[in-house]
There are 2 protein chains.
Amino acid sequence: MGITLYLDRKSGKIAVKEPQDVSSLANGFYGKMEKGIVYLQPEEAMYMLDIRNAKCVDEAGNTHTFNDLASLFLKKKKLLARYLTFKDWRDRGLMARPSSEAEGNYGRTSAKRYKGGEFKIDSYALQGVFFLDDLITVIDDEASGKELYEKYWIGQFGTYKAAHRGKIAKLDIYETIYLLKHGNLSLKNAKLEDVWAEADERIKYFEDMYSVYEDWRKKGYVLKTGFKFGTHFRIYFPGASPVRENDEWIHSKHVVHVFSRKSKMLISEWSRAIRVAHSVKKTFILAIPGKKLDIKVNAKRPRLDFLLYHRKKGGIETPKDGQPRFLMYSLSEDEYIGGEELAEALFESKHYGLEVLLAISDRESSITYYAVKRIDLPQSDYEHFEIEWMQP
Amino acid sequence: MGITLYLDRKSGKIAVKEPQDVSSLANGFYGKMEKGIVYLQPEEAMYMLDIRNAKCVDEAGNTHTFNDLASLFLKKKKLLARYLTFKDWRDRGLMARPSSEAEGNYGRTSAKRYKGGEFKIDSYALQGVFFLDDLITVIDDEASGKELYEKYWIGQFGTYKAAHRGKIAKLDIYETIYLLKHGNLSLKNAKLEDVWAEADERIKYFEDMYSVYEDWRKKGYVLKTGFKFGTHFRIYFPGASPVRENDEWIHSKHVVHVFSRKSKMLISEWSRAIRVAHSVKKTFILAIPGKKLDIKVNAKRPRLDFLLYHRKKGGIETPKDGQPRFLMYSLSEDEYIGGEELAEALFESKHYGLEVLLAISDRESSITYYAVKRIDLPQSDYEHFEIEWMQP
């Protein structure tokens with residue numbers, strides 16, 4: 001026999017009263033116990049009806065199906081995404097609790113520390129022509145184009161992967177602006193303002209894109225297009241050179257994607273970018289430019305969905321003998337997420353000393369998880385995160 | 001010694017006159033010969049300066065560098081993208097000519113023929129609740145949810161890849177509308193108009209997305225989310241079933257991405273979707289909904305960039321002893337392409353009996369190629385194409 005849920009239609013409270021049901025739920029860390037009665041969250045009650053063979057009755061003795069019950073809570077935001085991600089976590093035998101139970105600082109995060117550094121460029125004079133429609137600068141002085149490429153890995157001299165072939169250097173829009181600002185580049189046919197205005201009109205959130213580029217470049221990192229890896233930039237650690245060493249190309253291991261606070265990103269598009277990076281074995285770095293947040297965290301109005309307990313050696317963690325590990329952010333495939341909104345959620349989880357786990361429910365109710373780890377990039381004003389596909 | 005280019009600054013004409021230069025260029029199928037003089041296109045002249053060690057002089061005897069020459073043509077759209085894609089093709093030892101030279105019908109395309117079919121569904125009554133914020137319908141009548149899933153692969157009954165686990169069926173927004181229109185689904189809390197209005201507000205180009213879904217579904221194909229493969233839908237051929245056969249899951253081999261005529265797609269984002277499909281070994285199908293085009297093709301104002309000759313057994317094809325194979329569409333990473341614009345380009349190439357080769361120049365001047373093959377889907381009013389990554 002399954003569990004019996006008692007629904008109070010007026011208050012929407014769902015109670016479990018039979019002693020054997022109460023002890024079964026208490027052992028599974030479902031609901032909240034008050035005077036021998038367990039009160040369930042909507043998602044927990046839905047789980048009982050869907051998976052645990054429960055039945056639900058109201059005060060008049062009417063039976064309520066899954067849809068009857070869920071219909072009472074249809075005004076809750078993303079009810080089904082929350083239910084399906086909760087269900088998936090529970091189906092894995094792991095514990096999930098309401099995020100409003102988070103308190104204090106669990107100290108379960110550790111930022112990934114990245115090298116700091118400084119980029120210095122000799123101030124020799126460079127002259128180029130800006131191809132406005134292509135957002136590319138060409139330097140046709142062979143010697144300086146070659147030096148710029150070989151010494152600083154700025155521009156592409158000659159041909160891609162065959163630098164000896166050809167005499168011109170091509171600078172992309174980020175390299176062009178960087179050198180106009182910090183190098184000694186001058187353009188025969190344009191000024192910094194012209195280049196900036198054109199880029200700003202053509203590339204979405206260009207200011208944020210460039211800020212991230214400059215932030216890393218200034219620290220000695222090499223940033224080139226991430227086109228082949230489905231992201232905005234790929235990145236090499238300070239000291240990387242485009243010249244083959246021992247006949248081997250240097251391979252980048254990280255890609256950087258810029259998420260402007262002002263932008264809204266479709267979850268499925270965002271996920272696609274992470275997938276490409278994963279398939280080519282690169283670490284996906286999300287950069288959120290702009291000032292770091294300092295917001296109020298209110299336990300009663302959590303931005304995140306569930307407090308998640310994970311595994312430990314030889315078992316699982318529970319609210320009784322363990323600590324939560326993640327805060328779950330329940331999302332769905334066709335949903336948009338804003339840069340600021342994500343930044344706030346990440347701030348909240350940092351406040352509790354927990355990592356954020358993005359749980360994306362697709363149109364088929366299959367759940368994909370991404371773990372988000374904070375990066376500590378010295379001297380950066382921006383926030384950076386490693387995002388990694390995970391099977392919990 | 002390199003070739004000498006003679007620039008007429010007034011007309012912008014670039015001529016090659018020395019007999020040995022003329023014969024070298026004629027042998028390589030560069031430029032157009034008139035009375036013993038070869039006149040070069042800007043991209044060809046740029047190639048000579050960059051790669052072939054040419055020098056360029058004007059009538060006054062002044063020398064012109066790559067940038068000097070290119071500067072004369074800066075008003076041409078995407079000059080550098082055109083140059084770089086032309087260069088890459090030439091660097092491979094292959095021939096490229098101006099697209100304005102295309103004429104007649106080369107008969108070098110063959111549409112991929114896909115099965116036609118018909119989808120019939122028993123008209124038993126289904127009732128569900130629509131979760132507006134999640135764009136999902138739940139059917140909690142176990143028997144009909146299960147039958148719908150097993151017989152037609154509509155909805156996800158139980159748990160993804162574990163249908164026995166759970167009692168409810170989840171229908172995505174496309175399945176919901178399809179059954180509201182063509183099945184016998186009714187919703188307790190919404191009508192077709194409500195569902196449509198919400199979807200239309202939340203999902204970009206929803207009408208086009210749904211049209212494509214319906215177009216294939218009606219022919220018996222099974223369409224499920226393509227979330228895991230970075231596209232709008234994945235697709236199974238008529239007759240596919242979600243029930244394991246011989247303990248093996250059926251795997252989809254095709255994914256469908258919808259490109260609305262009204263939309264503008266960033267090349268790098270588009271390419272990302274093709275890349276994910278390629279990395280999971282699926283055929284990428286581009287669907288362009290809406291009425292098929294019938295436009296005027298004007299040889300003097302080509303929409304495509306170069307007429308490409310490819311390889312043949314034991315050698316290459318040339319304008320002398322072969323036929324062109326592709327029309328090149330030169331694009332760059334940070335460019336937007338419109339659905340209608342692409343449809344027109346594809347129409348133009350069909351007119352000439354050639355395939356379109358998309359050549360995308362990234363910010364580092366590396367070129368990525370995608371071949372576009374027309375699909376013949378019987379009884380479809382829309383245009384469909386297979387897009388495949390290619391190394392020429």
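Contact here means heavy atoms within 4.5 Å. With that in hand, let's walk through this predicted model, where local features need pLDDT of at least 70, side-chain atom pairs count only at pLDDT 80 or more, and totals for chains, interfaces and linings use all residues. Residues are numbered from 1 along each chain as its sequence is written, chains are lettered from A and ligands numbered from 1 in the order in which they are written, and side-chain values use heavy atoms, with hydrogens and water left out.

**Confidence**

The predictor's confidence in each residue, pLDDT, runs from 0 to 100. Chain A averages 95, and 99% of its residues score at least 70. For the complex, the predictor gives an ipTM of 0.95 and a pTM of 0.95.

**How the two chains meet**

The contact draws 76 residues from chain B and 76 residues from chain A. Between them the chains bury about 6,400 Å², with 53% of it on carbon and sulfur atoms; buried area is the accessible area (1.4 Å probe) that two parts lose on being put together, summed over both. Of the area that chain B buries against chain A, 15% is supplied by Phe227(B), Arg363(B) and Glu364(B), more than any other three residues.

Charged pairs also cross over: there are ten salt bridges between chain B and chain A, each a side-chain nitrogen of Lys or Arg within 4 Å of a carboxyl oxygen of Asp or Glu. One of them joins Lys228(A) to Asp362(B) at 3.6 Å, N to O. Which element gives the largest share of the side of chain B that touches chain A? That is α9(B), with eight residues. Helices (H or I, at least four residues) and strands (E, at least two) are DSSP runs, numbered from the N terminus.

The same surface serves both copies, as 100% of the contact residues of chain B recur in chain A.

**The sheets**

Two strands pair if DSSP finds at least two bridges between them. In chain B, six strands form an open sheet of mixed pairing, in the order β3-β4-β2-β1-β5-β6. Its edge strands are β3 (32-34) and β6 (63-64) of chain B, each pairing on one side only.

Chain A has an open sheet of five strands, β11-β12-β10-β9-β13, again with mixed pairing. At its edges stand β11 (156-157) and β13 (185-187) of chain A, each with a single partner strand, so one side of each is left without a neighbour in the sheet.

Here are some of the strand pairs:

| Strand pair | Sense | Bridges |
|---|---|---|
| β1(A) and β5(A) | parallel | four bridges |
| β5(A) and β6(A) | antiparallel | two bridges |
| β11(A) and β12(A) | antiparallel | two bridges |
| β2(B) and β4(B) | antiparallel | three bridges |

Leu5(A) has Cys56(A) as its bridge partner in β5(A), while Val57(A) is partnered by Thr63(A) in β6(A). The hairpin of β5(A) and β6(A) has four residues between the strands, and Gly61(A) takes a positive phi near 90° there.
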